[in-house]
Amino acid sequence: MTSLHLLVFLLVALGSVDCKKVGIIHMHGVTEGYYEHNNFKKFIERETGIPVHLLDAYNYAASLTPMQYQVPDILPRMKEIASQYDAVIAVGYSQGGLIWRGMIEEWDNHNVELFISLASPQHGVYGAPPMATNFIPFLDWYSRTTIYKVLYTIFGQSFALFNYYLDPTHYNMYLDEVSFFPDLNNELESTPVEEKERKKRNFLRLKKLALIGGRDEDVVEPWQSTQFGYYTDEGFSGEVVPMQETKLYKEDLFGLKTLDERGGIVLCQFNGLTHLQFRDNRDMMKTCILPLLTSYQQ
């Protein structure tokens with residue numbers, strides 16, 4: 001083989017590596033529809049050339065369907081879109097971030113490389129959303145005293161947004177009454193070891209997890225949940241600790257600690273935005289999202 005032939009061969013080989021076909025699949029949040037994220041789609045496609053698929057599933061009232069039913073129903077649709085690509089970038093906004101995590105854990109041999117969790121309550125929610133307490137003053141008191149008695153019932157758990165309500169002061173009741181979130185987090189002792197390891201293995205197929213949130217968040221309480229931080233066992237009487245000090249991390253229940261220790265977790269705190277503004281704020285996307293996509297640009 002001549003030097004010229006060798007050079008051509010190397011260029012072709014390198015080109016085949018760099019020209020990986022990549023697509024973004026975006027899952028919307030609760031009480032909204034996929035089309036409300038069209039500005040996100042237009043901006044990302046214009047800036048990067050990467051196609052963005054907004055998943056048309058469980059829009060508006062349907063998004064209140066219990067999460068344990070949504071995840072297995074949406075997964076085949078995700079797989080169909082993902083089959084078009086060598087690698088997938090998952091974007092989950094708000095509740096959509098939990099749906100995406102559920103699908104990643106259930107999807108053996110998935111091709112999701114990057115998971116962008118956007119203003120998503122990855123460690124759950126506790127108490128009342130700050131935005132709601134502005135309109136209903138007594139809601140904060142109620143959420144700090146007795147609301148768990150309503151949410152941890154068959155009725156309460158029939159609504160998706162309560163399927164990830166984690167009251168640390170009534171942890172055993174949470175484990176007993178909530179189907180979706182303890183299973184997602186690998187917290188249940190009743191789950192077979194083999195099944196826990198399978199879900200953990202699937203989560204660790206991710207190359208990178210990006211956790212985006214900010215302190216002016218007015219829906220997710222505490223806002224640190226968007227980056228896996230949470231209240232201690234004392235609840236409101238205690239403090240909110242960062243991801244590394246939570247049980248989910250320290251016990252490495254589904255692989256969070258392992259992923260972090262190998263450099264696979266990126267935190268981006270972007271203050272000054274309300275929950276809804278995290279949908280498509282351009283400054284946030286330029287700061288927190290575009291740098292993650294540089295190596296994937298078409």
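Colleague: Which residue in β3 is the bridge partner of M27?

Modeller: In β3, M27 has G92 as its bridge partner. Strands here are DSSP runs (E, at least two residues), as are helices (H or I, at least four), numbered from the N terminus. This is a predicted model, where local features need pLDDT of at least 70, side-chain atom pairs count only at pLDDT 80 or more, and totals for chains, interfaces and linings use all residues. Residues are numbered from 1 along each chain as its sequence is written, and side-chain values use heavy atoms, without hydrogens and water.

Colleague: How many bridges join β1 to β3?

Modeller: Two strands pair if DSSP finds at least two bridges between them. β1 and β3 run parallel, joined by six bridges. The chain also crosses from β1 through helix α2 (residues 38–48) to β2, a right-handed β-α-β crossover. Right-handed means that, with the strands pointing away from the viewer, the path from the first strand over the helix to the second runs clockwise.

Colleague: What is the strand order in the open sheet?

Modeller: Six strands run β2-β1-β3-β4-β5-β8, with parallel pairing. The edge strands, β2 (52–54) and β8 (265–269), each pair on one side only.

Colleague: Which residue in β2 does H26 stand opposite?

Modeller: H26 stands opposite L54. I24 has V52 as its bridge partner in β2.
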